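Here's a quick briefing for anyone meeting this structure for the first time. Take a look at the sequence and the model, then read on for what sits inside.

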Amino acid sequence: MKLKIIGSSSAGNCYILENDKEALIIEAGVRFEKIKKALNFQLSKVAGCLLTHEHGDHAKGVNEVMAAGIDVYSAPGTFEVLKINNHRAKKLTVGQVFSVGSFKVIAFDVNHDVRQPVGFIINHEETGNVLFLTDTYYVSNKFKNIHNILIEANYCLDIIRRKVDEGRLKDFLKDRVIQSHMSIDTCRNTLLANDLSKVNNIVLIHLSDSNSNAAEFQQKISRATGKTVHIADAGIVIENFNKTPF
């Protein structure tokens with residue numbers, strides 16, 4: 001299985017899990033043309049699209065995705081806010097397993113400033129259990145038997161505090177970031193609160209353009225976990241997004 005990063009920032013978020021036969025889109029926060037190109041225009045192999053919440057950098061392409069005949073799975077509250085009433089909009093139930101092609105998925109609650117945000121555990125025979133966690137300042141869940149992780153590391157609190165002191169960031173913007181996104185320290189603590197013994201890849205996603213340091217974040221999580229750590233830059237492909245590194 002490959003993981004393709006189409007976008008992973010406030011400009012737009014989209015990821016694709018793909019093998020020779022099937023693909024799963026996660027988030028639709030970019031123009032659909034980019035998604036089609038990443039799939040080499042093989043839309044027939046797409047099993048579906050998972051959507052965490054309604055913010056534009058995650059959902060602005062959702063209507064194009066559905067117009068292409070692809071089912072989108074999200075929480076009822078997300079579809080309500082987006083005013084989507086389409087047979088391609090599949091309302092999930094948090095905590096219940098559902099199938100998207102060969103992928104089995106379970107959604108869980110997260111903490112963000114929207115109606116009904118969720119994270120996902122995605123299971124496939126090739127990837128094992130994949131944790132997808134973004135746009136949340138904290139998560140109370142503990143996760144078992146995880147093999148690959150995509151997790152938000154949006155900002156460094158020291159960078160934000162320095163920008164506030166220098167007058168380059170307003171307090172209300174600082175508070176909005178802190179109350180809706182995951183810091184690098186919370187990311188680290190979340191990872192270490194779980195059993196990482198089976199983890200193959202950790203991918204740091206949704207880094208802030210101005211409030212993060214990719215090299216430092218990668219080094220910090222690598223040292224803390226001893227795992228292979230990637231930064232989710234648009235256009236990269238992780239070839240071995242599998243259950244084991246072999």
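This is a predicted model: local features need pLDDT of at least 70, side-chain atom pairs count only at pLDDT 80 or more; totals for chains, interfaces and linings use all residues.

**Cores**
- The largest nonpolar core has 27 residues, and those touching the most other members are Leu3, Tyr15, Leu17, Leu50, Phe120, Ile122 and Leu150.
- Several strands give two or more residues to this core, among them S1 (2–9), S2 (12–18), S8 (103–109) and S9 (118–124).
- Another core lies apart from that one, with 26 residues that include Cys156, Ile184, Val199 and Ile221.
- Who does Phe120 meet, leaving aside its neighbours within four places in sequence? Its contacts include Leu50, Leu51, Tyr73, Leu92, Val105, Phe108, Val130 and Phe132.

**Helix H7**
- Helix H7 covers residues 184–192, and its buried residues are Ile184, Cys187, Thr190 and Leu191.
- Why do they line one face of the helix? Seen down the axis of H7, the buried residues fall within an arc of 120°, so they sit along one face.
- Those buried residues pack against S10, strand S11 (148–152), S12 and helix H8 (214–225).

**The largest pocket**
- The largest pocket holds about 250 Å³ of space.
- It has 17 lining residues, and the closest to its centre are Ser10, Asn154, Arg176, Val177 and His181.
- Helix H6 (residues 171–178) gives the most to this lining, with three residues.
- Sorted by class, the lining has nine polar, four nonpolar and four charged residues.

**The second largest pocket**
- About 160 Å³ of space lies in the second largest pocket.
- Of its 14 lining residues, Ser8, Leu207, Asp209, Ala232 and Asp233 are the closest to the centre.
- S1 supplies the largest share of this lining, at three residues.
- The lining splits into six nonpolar, six polar and two charged residues.

**The cavity**
- How many cavities of 30 Å³ or more are there? The count comes to one.
- The largest cavity has a volume of about 40 Å³.
- Its lining is made up of Leu131, Phe143, Ile146, Ile149, Ile151, Thr190, Leu191, Asn194 and Leu196.
- S11 and H7 each supply at least two residues of that lining.
- By class, the cavity lining has seven nonpolar and two polar residues, with no charged ones.

Methods:
Residues are numbered from 1 along each chain as its sequence is written. Side-chain values use heavy atoms; hydrogens and water are left out. A nonpolar core is a set of buried Ala, Val, Leu, Ile, Met, Phe, Trp, Tyr and Cys residues joined through side-chain atoms within 4.5 Å. Buried means under 20% relative accessible area, exposed over 50%, partly exposed in between (1.4 Å probe, protein chains only). Helices (H or I, at least four residues) and strands (E, at least two) are DSSP runs, numbered from the N terminus. Contact means heavy atoms within 4.5 Å. The arc is that of the directions from the helix axis to the C-beta atoms. On a 1 Å grid over the protein atoms alone, a cavity is a set of points where a 1.4 Å probe fits but cannot get out, and a pocket is an open set with protein on both sides within 12 Å along at least five of seven lines; lining residues have an atom within 4 Å of a point. Grid points are joined across faces, edges and corners, and a volume is the space filled by probe spheres set on the points. Ala, Val, Leu, Ile, Met, Phe, Trp, Tyr, Cys and Pro count as nonpolar, Asp, Glu, Lys and Arg as charged, and the others, Gly among them, as polar.
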